[in-house]
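Let us walk through this model one piece at a time. Keep the sequence and the coordinates side by side.

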Amino acid sequence: MSSTTTLDTLLKDPSLAKPLRDIAEKVAHQQRLSPAEGIFLFEEADLGYLGVLANFVREQKQGGNTYFNRNFHIEPTNLCVYTCKFCSYSRLIKQRHEGWEYTAEQMLDIVYKYDNEPVTEVHIVGGVLPQYDLPFYVDLFKRIKAHRPELHIKALTPVEYHYIFKKAKVSYEDGMKMIADSGVDSLPGGGAEIFHPEIREQIAGDKCTGEQWLRMHEIWHELGRKSNATMLYGHIENYSHRIHHLDELRKLQDKTGGFQTFIPLKFRNQDNEMSHIPEVSTIEDLRNYAVSRIYLDNFGHIKAYWPMISRNVAQMALSFGVDDIDGTIDDTTKIYSMAGSEEQNPAMSTPELVKLIRSVGRRPIERDTLYNVIQDYSDVVFEEDHQFRGYLDLPVVNN
Ligand code: V47
Ligand code: SF4
């Protein structure tokens with residue numbers, strides 16, 4: 001099957017096996033796949049076939065648009081009371097000398113550093129420590145908002161919230177309301193890992209459960225707010241665990257509509273307690289993006305997070321259901337470089353991101369966190385291109 005095969009031509013192929021044809025017909029008619037069909041796709045379908053279906057869904061939802069934003073991360077600490085086996089980043093409190101613990105002032109200094117930069121989002125997530133409690137975070141978020149009200153705060157996961165609400169003796173409902181009132185605009189997708197208890201108990205047994213993760217997002221959505229969702233794949237889970245995870249997300253999305261983006265996170269095996277588990281292949285990464293795109297029929301966006309998967313694979317993923325590649329990052333996250341990603345200093349300028357998207361025939365769109373369009377870069381010529389293409393009468397953008 002060639003990369004230009006469309007769903008139409010695929011359906012005309014007489015050699016296509018009946019079960020695969022039935023699924024392709026369903027996708028063509030925008031009918032939902034059952035969990036058994038999802039598992040079947042993971043087990044039986046080849047990459048070419050999955051790419052055709054996933055690309056069809058992607059283009060139905062987003063056309064050629066490929067989104068990115070300008071963001072930076074703050075990771076308050078890499079010390080953590082939890083002991084997730086896949087985590088290369090965290091250190092236990094007894095290893096304090098190997099870690100960092102930012103004060104609120106140090107984190108505000110990071111925010112001030114971007115004062116004259118056109119960033120639209122700060123993504124805050126890190127380890128869990130007793131001193132980073134509910135009053136600490138409420139104060140931090142209020143101070144960031146007071147300084148730069150238009151900066152979107154995407155902060156903390158149910159893992160942190162479960163811990164700090166319990167410590168403060170507040171219910172999830174009351175805690176989430178306090179967080180929303182303090183300035184948090186949306187929740188990132190982290191901490192989801194694999195919801196199924198059979199796997200979660202083995203890899204992340206001491207933090208919040210899958211049910212608790214889902215419940216907190218549900219409460220957040222009921223407040224009218226948006227969030228993302230992730231899945232850590234490619235370790236000890238099997239395909240039915242992945243489909244169970246996707247199915248739980250699809251059910252919650254039917255109920256609330258509050259999820260914006262699904263972000264598969266590939267397990268990276270450097271320097272953690274699961275280092276003996278080999279990483280899955282790039283083909284498997286692309287198959288996973290594609291099945292996620294096909295299965296999550298009620299999610300608007302699928303994101304390839306390039307600091308984790310590398311910019312080359314993120315670029316390939318744009319033909320396998322992905323329509324978002326996160327942001328410029330500016331070398332402000334350590335989670336993936338410490339776990340063995342190819343991207344040791346993750347930072348991409350806007351021209352680099354735009355060219356990466358344009359060179360595979362997609363339309364680069366800078367968005368804010370809620371997917372409002374900031375700028376369509378399809379026809380923009382950058383200053384560095386201008387020396388070679390000066391005859392083109394197109395706007396020149398300085399980054
Ligand atoms: O929850 C930790 C994962 C997550 C490893 O919402 C690992 O826009 C692979 O959730 N191999 C945090 N993954 C990052 C995250 C995220 C990233 C980008 C964008 C968004 C968003 C959210 O990182 C953790 C965990 O699942 N993680 N260690 C590892 N060795
Ligand atoms: Fe702590 Fe998060 Fe690492 Fe788990 S994944 S050990 S909760 S920093």
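Which helices do the buried residues of H2 pack against? They pack against helix H1 (7–11), helix H3 (35–44), helix H4 (47–62) and helix H12 (282–295). Packing here rests on contact, meaning heavy atoms within 4.5 Å. Helices (H or I, at least four residues) and strands (E, at least two) are DSSP runs, numbered from the N terminus.

First, the ground rules. This is a predicted model, in which local features need pLDDT of at least 70, side-chain atom pairs count only at pLDDT 80 or more, and totals for chains, interfaces and linings use all residues. Residues are numbered from 1 along each chain as its sequence is written, chains are lettered from A and ligands numbered from 1 in the order in which they are written, and side-chain values use heavy atoms, leaving out hydrogens and water.

Back to H2. This helix spans residues 18–28, and Leu20, Ile23, Ala24 and Val27 in it are buried. Buried means under 20% relative accessible area, exposed means over 50%, and partly exposed lies in between (1.4 Å probe, protein chains only). The four sit on the same side of H2, because they cover an arc of only 100° around the axis. That arc is taken over the directions from the helix axis to the C-beta atoms. The background is simple: an α-helix has 3.6 residues a turn, so residues three or four places apart point the same way. Just after H2, Gln30 adopts a positive phi of about 55°.

Now to charge. The whole structure holds 29 salt bridges. Each one is a side-chain nitrogen of Lys or Arg within 4 Å of a carboxyl oxygen of Asp or Glu. Take Lys255 and Glu218: their closest N and O atoms are 3.0 Å apart. Lys255 lies in helix H11 (residues 239–256) and Glu218 in helix H10 (residues 210–222), so this pair ties together parts that are 37 residues apart in sequence. Lys255 is exposed, at 62% relative accessible area. Glu218 is buried, at 12%.

Asp376 and Arg363 form another salt bridge, at 2.5 Å from N to O. Asp376 belongs to strand E11 (residues 373–376) and Arg363 to strand E10 (residues 363–367), so the bridge ties together parts that are 13 residues apart in sequence. Asp376 is partly exposed, with a relative accessible area of 32%. Arg363 is partly exposed too, at 38%. Shared partners also build a network: salt bridges join Glu173, Arg215, Glu218 and Lys255.

Which charged residue is buried yet has no salt bridge? Arg200 is one, and it lies in helix H9 (residues 197–203). The nearest side chain of opposite charge, Glu193, is 5.7 Å away. For that search, Lys and Arg count as positive and Asp and Glu as negative, while His and the chain ends are not counted. A polar atom of the Arg200 side chain does lie 3.5 Å from the backbone oxygen of Ile194.

Of the 24 residues around it, Lys154, Gly189, Gly191, Glu193 and Lys303 come nearest. A residue counts as near if one of its heavy atoms lies within 4 Å. An oxygen atom of ligand 1 is 2.8 Å from a polar backbone atom of Gly191. A nitrogen atom of ligand 1 is 2.8 Å from a polar backbone atom of Phe86.

Definitions and conventions: A polar contact is a pair of N or O atoms within 3.5 Å; within protein, one must be able to donate a hydrogen and the other to accept it, and residues adjacent in sequence count only if both atoms are side-chain atoms.
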